[in-house]
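Here are my notes on the model, point by point. Please read them with the structure open.

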Amino acid sequence: MSTSSPPNEKSEVVKQHHHAHHYTPNMDAETRAIANADAKLSNPLRGIPHDRLMADIEIFAQERGLTHLLPELKKGALLAQDPTCHDRLDMFSDEDKRILTEEVTHRWRQTPTLYYMVVMSSLAAAVQGMDEAVINGAQIIYPKQFGIGDPNSKRDSWLVGLVNSAPYLCCATISCWLTHPLNHYLGRKKTIFITCLISFLTCIWSGLTNTWWHLFIARFFLGFGIGPKSSTVPVYTAECSPAPIRGALVMMWQMWTAFGIALGDLIDLAFYFIPDTPGVTGLNWRLMLGSAGIPGLIVCLQVLFAPESPRWLISKGRYEDAFNELCRLRFSRVQAARDLYYIHVLLEAENEMKKGRNRVIEMFTIPRNRHAALASWVVMFGQQFCGVNVIAYYSSNIFLASGFTQVAALASSLGFGALNWLFALPAVFTIDTFGRRNLLLFTFPCMAACLLITGFSFWSTSETGRVTGVSIGIYLFAIFYSPGEGPVPFTYSAEAFPLYIRDVGMSFATATTWFWNFILSITWPSLILAFKPQGAFGWYAAWCCILWVLILLFVRETKGKTLEELDQVFAIPLGTHAMYGLRQIPYGFKKFVLFQNPEPEVLYQLESDGEESSTGDDEKARKTEDLEKSNA
């Protein structure tokens with residue numbers, strides 16, 4: 001038994017085969033309204049007749065002072081409505097057709113300006129990773145100089161944790177919430193400039209401190225550089241990038257952040273050997289902390305020559321400037337005109353959708369939004385409580401405790417950073433091949449096992465066996481973390497929320513990860529003092545197991561789904577999805593342990609599009625005929 005669906009709306013069907021259960025969601029009025037809103041936001045030009053579209057573009061050009069661009073704008077509007085229309089219409093030149101075709105067939109063939117922007121964004125991500133990593137090596141040196149280096153003192157353990165976690169306390173409580181006003185009033189470029197400048201100045205400041213509380217203050221202010229930058233750079237990249245490569249470029253944020261962590265670990269090892277000079281004690285750790293600001297200074301100089309976000313310029317009514325920046329980012333003026341007009345109508349639709357709504361309240365009161373918020377919270381919380389930043393921030397101390405010398409501990413930390421980066425590279429492909437949920441369900445038990453190997457290795461009475469076990473556990477953990485829980489949380493959170501609350505949802509998700517980052521980094525020194533390494537690593541291994549259950553029950557698959565399909569996926573009641581997750585346990589046992597071939601239960605199966613496609617093709621052919629007649 002199935003329910004009828006309104007036009008252009010797909011239904012989800014769960015097949016019933018033997019032990020499988022049938023479920024067909026009935027979206028409530030609020031969720032259906034969101035689905036309709038997302039359908040409109042996915043392409044606001046859909047269904048507009050040709051004559052009205054041409055009239056709208058003429059009015060748009062006159063109101064925005066762009067009448068000199070009217071020929072390009074007319075072509076651009078048609079492309080924005082139907083990206084394949086250039087193949088059927090004579091108004092597009094051969095050069096236009098070649099460029100528009102290569103945009104799809106050779107998607108990585110882009111303008112030098114776009115790749116300049118990509119390099120700058122990647123370097124900004126590396127700054128982020130270095131800001132997080134340099135404290136790893138410095139903390140095996142500076143605590144003794146500041147009188148907080150007693151490994152058996154509860155007070156000293158808490159103070160070391162407080163200093164290390166200071167930037168993330170700032171991110172969670174203040175700086176992440178400044179992202180919207182900074183971007184609103186200053187734009188993407190100036191926000192990146194200011195945050196990277198803050199990173200540079202506070203890193204230098206950190207290297208000049210002489211007390212633990214002074215270092216805490218300097219690192220707290222470093223959070224004003226980390227928080228807004230972590231939200232702004234991926235958005236800036238997405239707004240400048242063409243659609244075919246947008247997702248891959250946004251994914252690079254996590255990959256190059258991992259590269260920055262590896263680079264920070266390399267700097268720790270390189271500067272460890274620098275001796276003190278007369279009048280300067282602890283020159284090595286000061287250079288470690290200060291050097292992390294140099295890439296931030298490079299970004300400050302580089303961003304001045306990069307294009308501003310066209311979307312931000314349009315939101316400020318600066319259409320001529322937006323078109324000029326798009327011309328720098330695209331090969332042809334037709335592409336620039338297409339993107340200009342499409343961004344304009346999308347912003348108009350978004351602004352109309354936001355009127356009279358309290359988006360923060362609706363994120364939790366409407367079931368579809370609440371399910372997305374819960375799933376995003378689980379994956380963001382899991383990114384911290386899987387234990388990765390325990391290793392990223394304290395690996396040098398962990399290797400020291402296992403029996404390594406200080407130099408060997410720093411070199412081993414570099415090995416972790418390098419593996420974390422190298423195994424983040426294939427994530428660009430695996431995340432869309434295996435799916436977000438499947439990657440998490442596979443990697444979390446493996447991470448739990450790796451943490452147990454690391455912790456239990458401290459029971460070894462042989463120093464060789466202890467350092468070998470700790471190294472193997474940490475390195476294998478990096479291998480499993482990087483393609484799974486590394487890239488999934490930000491990607492998942494960016495697509496789970498409906499468009500009209502996506503910016504609010506991402507602020508919630510980002511603040512979540514930074515808050516728990518702070519909790520993890522401040523508590524680890526005291527945790528390892530109270531529970532010993534075996535118990536401390538066992539604690540996070542247990543959380544990996546708990547998170548596996550939470551992912552199984554509450555995290556829905558989002559791979560390869562349109563906005564309308566995501567509305568249906570998140571409309572499934574929480575209890576229904578949780579029961580589906582529980583039924584996957586015996587299926588997985590039969591398939592992967594007993595090597596049987598059980599029939600899978602499909603929760604997200606979509607109805608055939610065959611009838612809709614044929615109708616759509618007839619309508620498209622009729623529209624093409626009308627267009628050619630009007631252009632004759």
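1. Start with Ser121. At 6% relative accessibility, Ser121 counts as buried (buried means under 20% relative accessible area, exposed over 50%, partly exposed in between, with a 1.4 Å probe and protein chains only). Ser121 is found in helix α5, residues 112–138 (helices are DSSP runs of H or I, at least four residues, numbered from the N terminus). Leaving aside neighbours within four places in sequence, Ser121 is in contact with Val233, Tyr236 and Thr237 (contact means heavy atoms within 4.5 Å).

2. A word on the basis. This is a predicted model, where local features need pLDDT of at least 70 and side-chain atom pairs count only at pLDDT 80 or more, while totals for chains, interfaces and linings use all residues. Residues are numbered from 1 along each chain as its sequence is written, and side-chain values use heavy atoms, with hydrogens and water left out.

3. Helix α23 spans residues 488–496 and is mostly covered. Of its 9 residues, 8 are buried. Among them are Pro489, Phe490, Tyr492 and Glu495.

4. Now the surface. Phe589, Phe592, Val593 and Leu594 make a nonpolar patch of about 420 Å² (patches take residues with over 30% relative accessible area and no salt bridge; like charges are joined within 9 Å, nonpolar side chains, namely Val, Leu, Ile, Met, Phe, Trp and Tyr, within 5 Å; areas come from the Shrake-Rupley method with a 1.4 Å probe, and for residues only the protein chains shown count as cover). Phe592 lies in helix α26, residues 574–593. Its relative accessibility is 60%, so Phe592 counts as exposed.

5. How many salt bridges does a search of the whole structure find? It finds 17 (a salt bridge is a side-chain nitrogen of Lys or Arg within 4 Å of a carboxyl oxygen of Asp or Glu).

6. Lys74 forms a salt bridge with Glu58, with the closest N and O atoms 3.3 Å apart. Lys74 lies in helix α3 and Glu58 in helix α2, so the pair ties together parts that are 16 residues apart in sequence. Lys74 is partly exposed at 23%. Glu58 is partly exposed at 34%.

7. Glu239 and Arg188 meet in a salt bridge at 2.8 Å, N to O. Glu239 lies in helix α9 and Arg188 in helix α8, so this pair ties together parts 51 residues apart in sequence. Both Glu239 and Arg188 are buried.

Key:
Helices (H or I, at least four residues) and strands (E, at least two) are DSSP runs, numbered from the N terminus.
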